[in-house]
Every structure is written in C-alpha cells, then in structure tokens.
Amino acid sequence: MQDDSLIIRPIAASDEADWRRLWTGYLAYYKTDLPENIYASTFARLLSDDSSEPRGLIATSGGDAVGLVHYIFHRHCWRIENTCYLQDLFADPDVRGQGIGRKLIEAVYAAADKAGCPSVYWLTQEFNYAGRMLYDQVGTKTPFIRYDRPR
C-alpha cells in the first residue's frame, strides 16, 4: 500500500457492506458476536447528525476499505470541554503494519482538535500486544483499572 493512496473519511451510507465486514473482523478479534439489531442500530447512529451519537471513519486504499474507527464525544465532570472516547479501531489483517491504525488514531485526534476537544482516550484488552505497541507510541498509558457492573 502506498501511503498517498490511503484516504480516511467519514463513514457514508454506501459503506455499509464494507463497514460490516470490518466491524465483524474487529468483534471476532475480541471473540464477540452481536445480533443484527446492534449492527443496524450502530450503523444508523454512525450516520446520524446528532452530536451525542458515535462517529465513524473508514480508511480506504485503492478503493478498498481497509480500516475503521469509531469515536464518541461526551461531557466530563473534570473539564468544561467535551472529551473523546475512541471506542473501536480496526485494520484489515492483510494491511496490518502499514500505518493504517496510526493514521486512523491521528484522524480522531484531528477531529477532536477541530471540535475543541483536547482529551482523547481509549481502552484495550491486555492481550492486544500488537495494538499496544502502537498505542505506546501515540498515547500515554494510564494507571487506571476498569471495572464493569456484574450481570
């Protein structure tokens, strides 16, 4: 892949099939299976103009969809401005190691800057060693430990 052929842009309605393929790959990596209504709802939210809904970017190279990222701006009690949660990041396995993940993160940073949102954060699984190697270069690891409500 030539770096100058990579295009990162907002997800459009015409991207649904490519988005589904990429997001399914992302979910499979985390051993997660979601029902159709979650796929449909998530895609509709990504296309919404409502500022409280998640946003999505897709990376294409040579016309092929090769990566995606989802992010959400939200209020924060410790700041006046919003903060940005980078929720899902995925590069197709065939193009890993070519800088697509980094470019997608940088695109979220740019979107956050444009929105006047200086804080961007994300979570990952401990076993995501390849991803963490990138994250150590583009972010700062924090000492926070996550807890979830038991079900």
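**Note on the predicted protein chain**

1. The protein chain exposes about 9900 Å², and carbon and sulfur atoms supply 52% of it; accessible areas come from the Shrake-Rupley method with a 1.4 Å probe, and for residues only the protein chains shown count as cover. This is a predicted model, in which local features need pLDDT of at least 70 and side-chain atom pairs count only at pLDDT 80 or more, while totals for chains, interfaces and linings use all residues. Residues are numbered from 1 along each chain as its sequence is written, and side-chain values use heavy atoms, with hydrogens and water left out.

2. The protein chain holds four helices and five strands. Read from the N terminus, the order of elements is β-α-α-β-β-β-α-β-α. The radius of gyration is 15 Å, close to the 15 Å that the globule rule gives for 151 residues, so the protein chain is as compact as a globular protein of that length. Helices (H or I, at least four residues) and strands (E, at least two) are DSSP runs numbered from the N terminus. The radius is taken over C-alpha atoms, and the globule rule is 2.2 Å times the number of residues to the power 0.38. Along its principal axes, the C-alpha trace spans about 45 × 35 × 35 Å.

3. Of the 151 residues in the protein chain, 36% are buried; buried means under 20% relative accessible area, exposed over 50%, and partly exposed in between (1.4 Å probe, protein chains only). Among contacts between residues at least 6 apart in sequence, 58% join residues at least 24 apart. A contact means heavy atoms within 4.5 Å.

4. Cys 117 is in no disulfide either, and its nearest cysteine sulfur, that of Cys 84, is 5.4 Å away. Cys 77 is exposed, with a relative accessible area of 83%, whereas Cys 117 is buried at 2%.

5. Tyr 39 counts as buried at 9% relative accessibility, and Thr 42 counts as buried at 15%. Leaving aside neighbours within four places in sequence, Tyr 39 is in contact with Trp 19, Arg 20, Trp 23, Thr 24, Leu 27 and Leu 34. Tyr 39 and Asp 15 are 24 residues apart in sequence and 13 Å apart in space, C-alpha to C-alpha.

6. Two loop residues deserve a look. Asp 92 is in the loop between strand E4 (83–91) and helix H3 (100–114). Is Asp 92 buried or exposed? At 14% relative accessibility, Asp 92 counts as buried. Apart from neighbours within four places in sequence, Asp 92 is in contact with Arg 21, Leu 22 and Val 66. Lys 31 is found in the loop between helix H1 (16–29) and H2, and counts as exposed at 75% relative accessibility. Phi of Lys 31 is near 55 degrees, a positive value in a residue other than glycine. Most residues other than glycine have a negative phi.

Key. Disulfide = S-S within 2.5 Å.
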